[in-house]
Structures are given as structure tokens and as C-alpha cells.
Amino acid sequence: MDKLNYKSYRIEAENICVDYHGKVALYDANLRLKAGQICGLVGMNGAGKTTFFNALTGFVNISKGKIRINGESLKIAQQDQAIAYVPQSEGIDCQFPVSVWDVVMMGRYGSMNILRSPRESDIQAVKDAIDRVDLMELSSIPIGNLSGGQRKRTFLARAIAQRASILLLDEPFAGVDIRTEKLISELFIQFKNEGKTILLSTHDMIHVREFCDLVLLINKTVVAYGETSEVFTPENITSTFGGMSPDVSFGPES
Amino acid sequence: MNLCFLSTNITSFVTDPLSHEFMRKALLMSSLVAAVCGFLSSYLTLKGWALMGDAVSHSVMPGVVVAYALGLPFSLGAFIFGVGSVALIGFVKQKSRVKEDTVIGLVFTGFFALGIVLVSKIKSNIDLHSILFGSPLGISLSDVKQTVFISLLVVMLLSVFRKDLILYCFDPRHAKTVGINVLFLHYLLLTCLSLAAVVGLQTVGIVLVVAMLITPGATAYLLTDRFDNMTIIAVISAIISSVFGIYLSFWFDLETGGSIVLVQTFIFLFAFLFAPRYGIFKFKKLFSNY
């Protein structure tokens with residue numbers, strides 16, 4: 001299933017533009033990511049981070065440009081279960097009457113029959129995924145009764161169950177407890193070793209330095225893109241945040 | 001002695017109406033309609049489509065009138081106008097800067113007004129009162145056939161696409177990401193809404209049909225954290241409301257549609273106050289220690 005081809009690109013976004021009712025949300029954005037790379041997506045609120053994710057998942061149509069996933073079109077990538085999206089907590093109705101198990105099972109829907117009746121292999125995949133995020137005891141609990149961190153882990157488990165080669169994570173560290181933060185960090189290293197490609201948005205500059213091989217700084221378009229050590233400079237960050245320094249710390253080393 | 005008198009009274013309260021053919025039919029058909037609307041209501045309340053339900057149910061009015069005038073099945077006309085109104089809402093919203101809830105209000109009142117004007121202009125045997133307020137006691141045989149057919153169709157659609165629809169209501173972006181046709185699900189739910197509004201308006205009428213489409217779901221939402229249970233509770237509370245409402249209307253000579261919806265509202269109120277976990281008085285705390 002997961003072809004490890006380090007030569008070809010997992011994600012290729014070329015000059016993509018997105019507009020909502022005539023208002024430009026993102027223009028001329030480029031991104032190329034290979035297997036095993038972790039890329040941080042950094043920008044202000046409203047800089048187009050979520051729009052970028054929406055374009056890569058196919059949730060909004062791009063008005064210009066081209067997106068190739070594993071060398072194929074987005075539609076084929078969707079059918080191949082190539083992309084998994086882990087939403088921000090605010091984007092989800094937390095009171096929806098579904099359990100942890102139900103949510104993680106939704107990761108398998110794309111590869112099930114029309115009635116979405118789980119096979120033995122689907123059940124096993126869900127069990128494994130829930131186990132990896134350490135939620136087995138809570139698997140029958142409604143998501144409304146979970147903490148923010150547990151909910152985040154539930155959606156991470158859904159992405160694991162989907163067995164996607166590309167993970168898109170919108171603010172994976174926002175509002176989570178220390179235990180969840182540690183668990184997510186460990187999972188990222190495992191994902192990287194498994195050859196998965198990860199694109200994550202974050203406000204936290206320390207996380208970028210810690211995990212991200214690459215960083216993509218955006219403000220409606222790409223401000224800077226490249227190796228974290230080269231691109232993630234105070235000057236670039238300042239220009240990304242429109243001349244204002246971000247309200248988060250750079251970590252001890254800067 | 002007294003007790004015996006009471007029990008005879010209750011028995012006759014229940015059985016007397018059943019001796020009438022029209023009452024048996026009304027009870028049966030209303031229960032069917034309530035079950036279908038209740039089934040759908042668990043999706044609509046979670047999707048947040050209450051206003052949409054109101055819009056669609058009002059917009060079917062001109063469709064019903066035109067279909068009657070042309071001798072077509074009224075469900076066909078209602079369906080076309082129901083789906084058409086939603087398409088129009090989407091179009092106006094996209095092409096103008098007016099906010100969505102304003103557009104919804106604007107479009108459905110426009111359609112509704114057109115329906116009322118058409119009734120006054122087209123000379124036919126349409127009874128405005130029965131369209132607006134329902135007439136479960138006067139359902140004709142052809143209405144019965146249509147209602148049964150539409151009800152089965154809606155239940156079948158909702159059952160086959162149950163998991164996809166839950167996912168669509170919960171997280172449409174994930175649905176899209178794993179290659180599920182979200183647009184299809186959107187129109188599927190809309191189609192079911194239009195069809196349910198069509199059968200619902202026979203029992204409680206256009207004005208109140210939205211209650212059939214949201215109240216049972218809202219009640220059930222207060223009582224459970226499981227979608228399956230929510231659907232079951234919604235269906236049961238809808239059927240109970242229908243039966244009880246019809247009995248009340250029979251014995252106290254009340255408007256039937258209004259009685260049914262009032263009973264639904266009272267059941268909601270009861271859940272709102274006394275639901276174990278989500279009610280105002282959280283009784284669970286009294287009974288258990290977690």
C-alpha cells in the first residue's frame with residue numbers, strides 16, 4: 001500500500017490560488033514535499049493556512065494552479081485514501097452523538113462498501129489506531145465527554161486508521177495537555193520513520209524547530225519556504241507576520 | 001367501585017375512537033408519517049437545518065396547488081418546489097451580499113405567498129385550511145398510497161446511506177478527503193427533507209410540519225449520546241405524540257395538527273427539564289454517584 005519512493009514528490013502544489021466569492025484567500029502558492037518529510041505551515045490567523053489545507057483535501061476548489069498527490073490528481077488521491085486530515089477542535093461539533101470508536105471507524109469509510117459495514121480488517125485497523133493513541137479504555141465514550149487532548153488523539157487515530165501516506169494537521173498542539181503533546185511528538189517521529197509525509201500548521205515556534213524539517217511561511221502567498229534551519233529566521237518570520245513580531249516565543253536558542 | 005369506573009373510562013377513551021374507520025386510518029397514517037419525520041429529524045437537528053426545514057416545508061405550497069390543479073400527484077409538485085426553493089436560496093446567497101438566514105426567510109415567504117395567491121385564484125376543490133393545518137382525519141385512498149410509498153422511500157434512503165449521512169453531518173471535510181461524494185449526500189438529505197415535508201403536511205399542515213422535522217430529534221438529543229438511540233427515541237416520541245395528539249383532538253374537539261405538535265412540544269419540555277444528563281434538573285446526580 002504505502003509505496004516508499006523517496007525520489008518522487010508526495011505533494012506538489014504549483015501556483016495554486018483560492019478565492020471565496022471574489023476575495024483572494026491564497027495566491028501563487030507552491031509546495032513540494034517528499035516521503036518522510038515534516039513541514040510546518042506558519043502564518044497569521046487569516047493568512048490562508050486553513051485554506052491551504054482545504055485546497056489540498058479538495059474541500060475547496062482552486063481557481064488556478066495544479067495539485068498533484070503522489071503524481072496523480074486529487075480525485076484519485078481521495079479514492080486511494082492518500083490524504084488524512086486532522087481538524088482543529090473548533091471545526092468540529094464536539095456534542096455530536098458519536099463515540100471514539102465511531103469516529104475512528106470513519107477513517108475506514110473510504111475503503112468500505114456502500115453500506116460502510118466493517119470487515120474484520122477494518123475492525124483490526126481501528127483497534128490498532130485507538131491503541132496507538134492510548135484511548136482503548138475510552139473507545140466507547142461519546143466524544144462530548146472527552147478532554148481536548150483526548151479528542152485530538154481521537155482524530156489522530158482516525159487518520160492512522162485511514163492508513164494515509166499524507167497527514168495534514170491543523171494546529172495539532174493547540175489546547176492539548178502535556179501527555180497528549182508528548183504522545184503526538186512521539187507519533188510524529190514514528191510517522192516519519194514509516195515514510196509518511198506530514199504538513200502541520202502551528203502557532204508555536206518551538207514546535208517548528210523541534211519537528212519540522214521544512215517550513216512554509218505564508219501570508220496569502222508563500223513568504224519563504226525551505227529547510228527550517230535556513231528559512232526560519234527572525235527576518236522571515238517578521239515579514240510573515242506583517243512587520244509585527246509574533247506573540248509567541250522563539251525558544252531559548254534565539 | 002371508583003377505580004372500576006375509571007378503568008372503564010380509560011378503556012373507552014382508548015377504544016371508542018377505534019370504532020371509526022377514519023380514526024383508525026388517521027392513527028395509522030399519522031404514526032407512519034411521524035415515524036418517518038422523526039427518523040429524519042435526528043439528522044436535521046444535528047446538521048442544524050431547522051430553518052432549512054421550515055423553508056422547504058413552506059415552499060412546497062405552490063407546488064401542491066399547481067399539482068392539484070393539473071391533476072398530478074401533489075407530492076410531485078411539492079417535491080419540485082421544495083428542492084427548487086433550496087436551489088434558489090443557494091443561488092441568491094452566492095450572487096448577492098445578503099446573509100443566508102435573510103435569503104432563506106425571503107425565499108420561503110415568497111413561495112408561500114405565491115401558494116396562497118394561487119389557491120385564491122385557481123378554482124378547484126383545494127381546501128386551504130387542510131393544506132395549512134393538515135387533515136389527518138380526511139386522508140383519501142390515493143393519499144394513503146402516496147404517503148406509504150414516499151415514507152418507505154425516505155426510510156430506505158436514510159437507512160442505506162445512514163453512515164455516510166452521519167459523517168456528512170459530523171465532518172463533511174473528512175468525507176470529502178476520503179473520496180465520498182459530499183454534494184450527493186447534501187442533495188440526498190435535501191430530497192429526504194422535501195419528501196418528508198410532503199407527507200408531514202398531510203398530518204399537521206404546512207405551517208407546523210417543521211415541528212415534526214425537528215422537535216423529536218431535539219428531544220432525543222437531550223436524552224442520549226448515541227446516534228442510534230437518538231433515532232429510536234425520536235421515532236418513538238414522534239409516534240406517541242401523533243397518537244396522543246389525535247386522541248386529544250377527538251375527545252376535546254381540538255385542531256388535530258396543533259394537538260400533535262403541542263404534545264411533541266410538551267415531551268420536549270419534559271426532556272428539557274428532566275433529562276438525566278442534559279436536563280435543567282440533572283436527575284442522574286440524585287440516583288447515582290458519577
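I looked up the largest pocket and found about 1400 Å³ of space in it. For this I took a pocket as an open set of points, on a 1 Å grid over the protein atoms alone, with protein on both sides within 12 Å along at least five of seven lines; lining residues have an atom within 4 Å of a point. The volume is the space filled by probe spheres set on the points, and grid points are joined across faces, edges and corners.

The model is predicted: local features need pLDDT of at least 70, side-chain atom pairs count only at pLDDT 80 or more, and totals for chains, interfaces and linings use all residues. Residues are numbered from 1 along each chain as its sequence is written, chains are lettered from A and ligands numbered from 1 in the order in which they are written, and side-chain values use heavy atoms, with hydrogens and water left out.

Back at the pocket, I counted 35 lining residues, of which Phe59(A), Lys93(B), Gln94(B), Leu183(B) and His186(B) are the closest to its centre. Which element gives the largest share of the lining? I noted H4(B), with 6 residues. Elements that each supply at least two lining residues include strand S1 (9-20) of chain A and helix H10 (182-204) of chain B. Helices (H or I, at least four residues) and strands (E, at least two) are DSSP runs, numbered from the N terminus. I sorted the lining into 17 nonpolar, 12 polar and 6 charged residues. Here Ala, Val, Leu, Ile, Met, Phe, Trp, Tyr, Cys and Pro count as nonpolar, Asp, Glu, Lys and Arg as charged, and the others, Gly among them, as polar.

Next I checked for cavities, sets of points where a 1.4 Å probe fits but cannot get out. I found 1 cavity of 30 Å³ or more. The largest holds about 60 Å³, and its lining includes Pro87(A), Arg151(A) and Phe155(A).

I then turned to the chain contact. With contact meaning heavy atoms within 4.5 Å, 36 residues of chain A touch 26 residues of chain B. The two chains bury about 2800 Å² between them, 60% of it on carbon and sulfur atoms. Phe59(A), Phe96(A) and Pro97(A) supply 23% of the area that chain A buries there, more than any other three residues. Buried area is the accessible area (1.4 Å probe) lost on putting two parts together, summed over both.

Last, I looked up salt bridges (a side-chain nitrogen of Lys or Arg within 4 Å of a carboxyl oxygen of Asp or Glu). Asp164(B) and Arg116(A) form a salt bridge at 2.5 Å, N to O. Within chain A, Glu171(A) pairs with Lys49(A) at 3.7 Å. Glu171(A) lies in the loop between strand S6 (166-170) and helix H6 (178-193) and Lys49(A) in helix H1, so this pair ties together parts 122 residues apart in sequence.
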